Amino acid sequence: MKGAIVALEGIDGSGITTHSKLLAQRLSSMGYRAIYTKEPTEGPVGQVIRQLLAQGRPEPRLAALLFAADRSWHLCCDPSLPGGVMGALEQGYVVVMDRYKYSSIAYQGASGADPGWLWEVNSFAPEADLLIFIDVPVEVALSRVAERQRREGYEVEGFLRRAKERFYEVLAQAEARGVTVVRLSQVKDDRPLSVDEFSSLVLEEALRFLKTLR
Ligand SMILES: Nc1ncnc2c1ncn2[C@@H]1O[C@H](COP(=O)(O)OP(=O)(O)OP(=O)(O)O)[C@@H](O)[C@H]1O
Ligand SMILES: Cc1cn([C@H]2C[C@H](O)[C@@H](COP(=O)(O)O)O2)c(=O)[nH]c1=O
């Protein structure tokens, strides 16, 4: 099977890391050649990004260019993957991405950068095959972020509300670019779904998509 990029996206505190890792684990246990990876990476540019995020919100064009540079390294050269993301895809991996280019268009867009320019700056990166957007109320996401020892630059209510609005626009634009987009709410009948319940929903959507590639 040719490889595929399954990108999980959402605002801080929506559970992207949790559910990306669980998805990669569950796909692997079912016999898929699946691998988890994240952006920003732990590579040289990713480390610079972390330093800037610890100080606040970077200037949007600077942030966009740094995230794009980190993405370029991730695609070609990240040693945690067999030949970077592109090498893993060539070897037939399902690459489960804990954030990808769509975070940049939403977050740096919400910071004031022009969306058209953001799409252009990230046009070198292949589109995801499947984009799963984890939809949680901002209040729920914020309550989870509040439990952390340290907050990073984007983890403030007003900004996350803007970023979430931008994500809705990005999802439509991604779909227009041929990406299969699935928006999954973490709340059902006014009740937040547990980690296991939501993880099963994510797996179900991923399996439904992967079966179309066979
Ligand atoms: N469906 C869920 N129900 C309850 N708690 C959840 C759910 N999914 C994730 N969590 C919890 O929410 C917290 C944040 O999850 P996680 O670190 O995966 O968020 P994140 O989206 O990656 O945030 P950030 O992008 O800021 O890193 C964790 O404590 C995780 O256990
Ligand atoms: C890939 C990417 C990420 N961000 C933002 C989103 C988060 O606030 C931080 C760090 O991400 P993490 O999931 O908490 O590790 O970076 C961004 O603004 N632009 C991007 O391209």
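How do the residues of the shell around ligand 1 divide into nonpolar, polar and charged? The shell holds five nonpolar, eight polar and five charged residues. Here Ala, Val, Leu, Ile, Met, Phe, Trp, Tyr, Cys and Pro count as nonpolar, Asp, Glu, Lys and Arg as charged, and the others, Gly among them, as polar.

The model is predicted: local features need pLDDT of at least 70, side-chain atom pairs count only at pLDDT 80 or more, and totals for chains, interfaces and linings use all residues. Residues are numbered from 1 along each chain as its sequence is written, chains are lettered from A and ligands numbered from 1 in the order in which they are written, and side-chain values use heavy atoms, with hydrogens and water left out.

Ligand 1 is surrounded by 18 residues. A residue is near a molecule if one of its heavy atoms lies within 4 Å of it. Gly15, Ile16, Thr17, Thr18 and Arg148 are the closest. Two helices, H1 (16-29) and H9 (195-211), each supply at least two residues of this shell. Helices (H or I, at least four residues) and strands (E, at least two) are DSSP runs, numbered from the N terminus. H1 gives the largest share, four residues.

The side chain of histidine 19 places an N or O atom 3.0 Å from a nitrogen atom of ligand 1. For arginine 99, a polar side-chain atom lies 3.0 Å from an oxygen atom of the ligand. In glutamine 186, an N or O atom of the side chain is 3.5 Å from a nitrogen atom of ligand 1. On its own, ligand 1 has 630 Å² of accessible area, and the protein covers 74% of this. Accessible areas come from the Shrake-Rupley method with a 1.4 Å probe.

Ligand 2 has 15 residues around it. Asp12, Lys38, Arg50, Arg99 and Gln108 come nearest. This shell divides into five nonpolar, three polar and seven charged residues. A polar side-chain atom of arginine 50 is 2.5 Å from an oxygen atom of ligand 2. A polar backbone atom of serine 104 lies 3.3 Å from an oxygen atom of this ligand. Glutamine 108 has a side-chain N or O atom 2.9 Å from an oxygen atom of ligand 2. Taken alone, ligand 2 exposes 480 Å², of which the protein buries 94%. Helix H2 (44-55), helix H3 (60-77) and helix H5 (101-110) each give two or more residues to the shell around ligand 2. The largest share, four residues, comes from H5.

Two loops show backbone features. Proline 40 lies in the loop between strand E2 (34-38) and H2. The peptide bond from glutamate 39 to proline 40 is cis, with omega near -5 degrees. Arginine 99 lies in the loop between strand E3 (94-98) and H5. Phi of arginine 99 is near 75 degrees, a positive value in a residue other than glycine.

A disulfide is a covalent bond between the sulfur atoms of two cysteines. In the search, a disulfide is a pair of cysteine sulfur atoms within 2.5 Å. The whole structure contains one disulfide. Cysteine 76 and cysteine 77 form this link, with their sulfur atoms 2.0 Å apart. The link is left-handed, with -100 degrees about the S-S bond.

How values were computed
A polar contact is a pair of N or O atoms within 3.5 Å; within protein, one must be able to donate a hydrogen and the other to accept it, and residues adjacent in sequence count only if both atoms are side-chain atoms.
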